[in-house]
Amino acid sequence: MADTAPLWAVVLLPFALVAAAAVVAGLDAVLTAAAERGRGGRPLRAAPAPLRTGLRLLGGQPRRTTAGDPWLGRIGIALVPVAAVLAGAVLPWGFRAVTDPVVGVVWFNAMEALAWAAVWLAGWGPNSALSLIGGYRFLAQGLAYELPHMFAITTAALGAESLRVGEVVAAQRGLWFAVWMPAAFAVFLLSALAMAFWGPFDHPLGRDAAGGAAAEHAGVDRLVLLAGRWLLLVVTAGFSVPLFLGGGHGPWLPAWAWTLLKTAAVLGLLVAGRRLLPTLRMERYLEFAWTVLVPLTLLQALVVAVVVLNR
Amino acid sequence: MLDDVVFWALAGPAVAAAVMVFRFASMARATYALLASLLCVGGLVVRLGLDYLGVVVVLMMTIEMALMGVFMVMFMMNPAGLMPMSMLHNRRGAAVISGGVFVLLAAGVLLTPWPRRRGEPAADPTKALGESLMGPHMLTMMTLGLALFATIVATVVLATRRGRYDRFGDDLRARRAGDRGDGGDGGARVRGGAGP
Amino acid sequence: MGLRDVLLRIGAGHPAVLLACLPGATETRLAVEAGLRRRGWPVAASPAAASALVVVGAAGAADEEWVEGLWRQIPSPKARSAVAGAYDVEAALDTLVRPAAAPVPGDGGEHSADHDGPGGHADQGGHRDHDGHDDHDGHGGDDGHGGHGGHDDHDDHDGHGGHDGRDGHDDHGGHGDHGEHHGHGGVVAGLPMAGRADDRDGLRLDRLHLPLGPGLADWPAGLVLDVALQGDVVQHAGVRPLPPPAPGGLPYWDEPWLRAARGAHVPRGTAARRRCAAHLDSAARLLAVSGWPDPAARARRLRDAVLGGAPAREWSAELGRLVRRVRRSRVLRGLTAGLGALPAAGARRFGVTGPALAADGDAYDRLLVWLDDAVRCAAEADDDRPLRPYDRDGPRGRLGGPRAPSDALLDALPELLRGAEFASARVIVASLDPDLDEVGAVVRG
């Protein structure tokens with residue numbers, strides 16, 4: 001079912017992701033402006049704000065801090081968009097991904113795990129206490145979200161009896177996984193936010209710690225880190241479409257349009273849903289993640305396994 | 001040809017990064033040099049045709065090294081770049097041991113009469129791996145899993161001084177857990193009535 | 001250079017503004033925040049994120065140093081302006097944009113657009129931002145600080161505006177942390193190494209002394225906390241003594257009651273509005289620090305509407321919606337409950353009055369008291385009867401005693417902060433929200 005896309009798709013992928021990230025960031029800016037200025041404040045005019053910020057950072061100067069480890073920090077910063085694009089390589093557009101390896105689901109998981117290293121390194125590099133606190137926060141967050149997340153994507157792979165993303169999509173021709181694996185789907189959405197350290201999981205870059213891991217990064221460094229975060233959000237949220245929402249399957253419209261629609265819907269849901277929640281601090285969330293989400297996802301996997309065995 | 005290029009492109013950096021683990025004077029750099037080395041090894045495993053194992057090496061090692069980095073610096077707020085420290089300890093002993101192990105392994109590689117290949121590699125190595133682990137060795141895996149889990153629980157129980165009675169009160173009736181993260185210091189402070 | 005100029009122009013048109021709020025300038029701060037909101041300019045959380053600095057209030061000699069520290073840490077191109085009073089906000093914000101895009105010719109590409117006349121360029125010596133090589137020292141070098149060791153820059157850096165004048169960390173030796181020695185090697189690269197001390201689990205871990213404030217976002221203006229951190233756990237916190245307040249006007253949030261006490265005619269509506277706005281301001285800070293920017297932004301907008309004199313019917317419905325939304329959030333409750341528990345008995349011992357006493361509980365309880373009080377005040381916002389001169393209940397507690405309400409809040413802080421994690425510590429500070437304007441002699445009325 002799923003084919004590998006032509007070579008030009010490899011070149012196109014980063015640009016497509018950046019464009020999607022800019023749109024999502026614009027939506028977020030509009031919602032923020034609506035909260036700040038009210039409906040009368042013409043919030044729609046804030047849509048290009050992320051682009052303006054990006055250009056400002058591009059023209060700004062990076063900075064160095066005393067006795068830091070700038071190269072380690074920069075490796076961490078660069079890892080964020082690199083991980084996002086590498087994970088995006090297995091993201092099917094319609095039924096075609098840039099590549100569709102046998103173990104695509106595990107590949108995706110491995111690439112987003114690079115964020116563990118990335119955020120900590122970005123926080124470590126500048127030799128600043130607040131920024132290091134931000135880096136440590138992400139590791140605590142990783143411990144909270146990673147296990148339920150792994151169980152959630154395992155459940156989807158179990159339902160399809162394959163680790164190949166294309167086959168996971170193909171298995172949902174009749175019924176979307178989101179319908180009969182709702183718990184796994186919900187947990188995946190939560191962990192998508194968490195691994196993009198965005199939204200209610202933005203504590204590693206929290207404003208209370210003056211920007212956390214990003215506190216000391218300016219100029220292009222900052223741009224790459226923050227834009228990489230949006231890319232990561234787009235990719236992780238977008239991956240819920242092939243895993244749980246039937247990928248390109250749908251009536252009337254072509255497959256690519258369905259992918260686009262579903263991805264936009266998931267991203268819109270996440271960006272709008274962020275308004276409803278304060279930042280989740282891990283010292284409170286971890287207990288919930290391990291005592292509620294882990295058993296929940298395990299139960300979900302058990303149910304799916306029983307269904308698959310009796311199919 | 002391409003295989004050779006890929007092999008050396010991964011093997012060279014793997015060894016170089018491994019050497020750098022002992023050359024760096026910063027624990028963070030050493031940790032992430034080790035990670036770089038292990039990522040290259042993961043790539044080599046993929047080149048062997050074991051996609052699943054290779055990608056899992058990448059996944060697990062990234063998470064493991066990120067956590068190990070924390071344990072290595074263990075909340076040292078002085079980034080070790082500030083505080084140069086040697087990664088070499090017990091130099092002579094270490095040299096003897098590592099040299100001995102290398103000689104042993106190399107001798108093993110060169111002297112073993114390797115058998116000729118019989119049969120074909122499985123069409124789906126991931127499935128073959130799963131079947132060999134979960135088929136004949138199911139009992140081993142189950143035992144291993146339980147033993148590991150019991151170890152984790154036991155270590156945590158031994159390591160923590162606080163139990164549920166400290167968190168939820170003697171009758172386990174407290175509405176919220178009195179955790180230290182909330183500013184309590186392990187039950188020493190009385191909540192509610194007494195005040196600071 | 002063409003592309004870079006275009007980028008600079010775009011960047012200068014929408015600066016990210018770092019606010020350096022000085023004590024005694026609450027009214028100005030509100031005006032600046034409203035001005036930034038109208039323009040849609042983001043408020044930066046750290047110097048690295050900023051491209052402009054706005055000094056809010058009149059800087060005294062003591063403030064000069066940390067404000068300069070902030071300014072040095074902002075990467076160029078950058079602009080700066082100072083707002084002394086609420087009236088010249090628009091002009092000051094305009095100067096951030098206007099000439100910033102004009103590079104100084106023949107200056108090695110330095111695009112610093114520093115419009116602040118006096119003092120702005122005083123110690124830029126260590127900080128020449130040459131194009132193309134980015135390894136300038138973000139801490140502002142040491143050249144400008146002849147008198148201090150370089151490590152003070154480090155402090156300055158971490159706290160986003162600590163005080164350079166502090167001399168090392170040795171003054172913390174006597175806080176009961178036995179055997180604390182400063183570092184394995186004392187000073188490395190001009191920065192002091194963290195010492196070691198037992199942590200709460202009995203492990204010997206590094207301990208770092210760090211000033212928090214006064215340059216942090218959503219932080220009481222002028223407050224500096226000296227904390228000892230292990231990991232991100234606050235082992236010890238102390239409020240740095242404040243410089244004596246500059247003689248001047250009454251503290252903004254307490255003004256109606258103090259004026260009424262002096263016999264002036266103050267309508268009750270004015271006082272109610274002031275109290276309502278003060279609570280919304282505090283609640284907005286607490287919500288922002290808790291990472292919930294959406295209701296925080298709404299609370300700030302409401303605060304400005306309340307102070308702007310709009311009739312209560314125009315905003316009371318929205319206030320009700322905001323309060324219901326915050327009250328309904330079980331997540332917020334789960335995240336803030338139990339932080340900074342200050343039971344009434346303990347509060348009385350510190351002399352705390354007002355909402356923090358009435359809350360008789362933790363950060364979440366204090367937030368609810370603020371919000372409920374704000375709703376109650378909204379009902380009286382258009383009351384024209386005069387405020388009774390013996391009504392001394394200001395937004396933060398009873399005025400007219402020997403000590404200002406915020407004095408008591410500051411006294412309560414260190415005990416509440418001990419053992420809290422960094423994020424919890426921020427929530428605790430925000431949930432008390434001491435107003436340093438009123439600390440000092442003026443409040444005695």
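**Terms and the values behind them**

Modeller: Asn127(A) is found in the loop between H4 and helix H5 (129–160) of chain A. Helices (H or I, at least four residues) and strands (E, at least two) are DSSP runs, numbered from the N terminus. This is a predicted model, in which local features need pLDDT of at least 70, side-chain atom pairs count only at pLDDT 80 or more, and totals for chains, interfaces and linings use all residues. Residues are numbered from 1 along each chain as its sequence is written, while chains are lettered from A and ligands numbered from 1 in the order in which they are written.

Biologist: How do you know whether the peptide bond that joins Ser76(C) and Pro77(C) is cis or trans?

Modeller: Omega is about 0° there, and the bond between Ser76(C) and Pro77(C) is cis. Pro77(C) lies in the loop between helix H3 (61–73) and strand S3 (79–83) of chain C.

Biologist: Let us turn to the helices of chains A and B.

Modeller: Helix H4 (residues 104–124) of chain A crosses helix H3 (residues 51–73) of chain B at roughly 20°, and their axes come within 9 Å.

Biologist: Why is H4(A) called roughly parallel to H3(B)?

Modeller: Axes are lines fitted to C-alpha atoms, for helices over the stretch in contact, and angles run from 0 to 180 degrees between N-to-C directions. Angles under 35 degrees count as roughly parallel, over 145 as roughly antiparallel, 65 to 115 as roughly perpendicular and the rest as oblique. The crossing at roughly 20° therefore makes H4(A) roughly parallel to H3(B).

Biologist: Which residues of H4(A) meet H3(B), and what classes do the residues of this contact fall into?

Modeller: Residues are in contact if their C-beta atoms, placed from the backbone, lie within 7 Å. The residues that meet in this way include Trp107(A), Ala110(A) and Leu114(A) in H4(A), and Val55(B), Leu59(B) and Ile63(B) in H3(B). The contact of H4(A) with H3(B) divides into 16 nonpolar, three polar and no charged residues. Ala, Val, Leu, Ile, Met, Phe, Trp, Tyr, Cys and Pro count as nonpolar, Asp, Glu, Lys and Arg as charged, and the others, Gly among them, as polar.

Biologist: How many residues does each chain give to the contact of chain B with chain A?

Modeller: Chain B gives 24 residues and chain A gives 26. On the side of chain B, helix H2 (27–47) and H3 of chain B are the elements that give two or more residues. The largest share of that side, 13 residues, comes from H3(B). By class, that side of chain B has 16 nonpolar, six polar and two charged residues.

Biologist: How many residues does the contact take from chain C and from chain A?

Modeller: The contact takes 57 residues from chain C and 47 from chain A. The elements of chain C that each supply at least two residues to its side include helix H1 (2–13), helix H7 (268–289) and helix H8 (293–307). That side of chain C has 25 nonpolar, 18 polar and 14 charged residues. As for one pair of helices, the axes of helix H1 (residues 7–37) of chain A and H8(C) come within 7 Å and cross at roughly 30°.

Biologist: What makes H1(A) roughly parallel to H8(C)?

Modeller: The crossing at roughly 30° makes H1(A) roughly parallel to H8(C). Thr32(A), Ala35(A) and Glu36(A) in H1(A) meet residues of H8(C) that include Asp294(C), Arg298(C) and Arg301(C). This contact of H1(A) with H8(C) has three nonpolar, one polar and four charged residues.

Biologist: How do you know which strands of chain C are neighbours in the open sheet?

Modeller: Two strands pair if DSSP finds at least two bridges between them. The order of the four strands is S7-S8-S9-S10 (chain C), and the pairing is antiparallel. Strand S7 (195–198) and strand S10 (233–239) of chain C are the edge strands, since each pairs on one side only. Four bridges join S7(C) to strand S8 (residues 204–212) of chain C. Ala197(C) stands opposite Leu205(C) in S8(C).

How values were computed: Contact = placed C-beta atoms within 7 Å.
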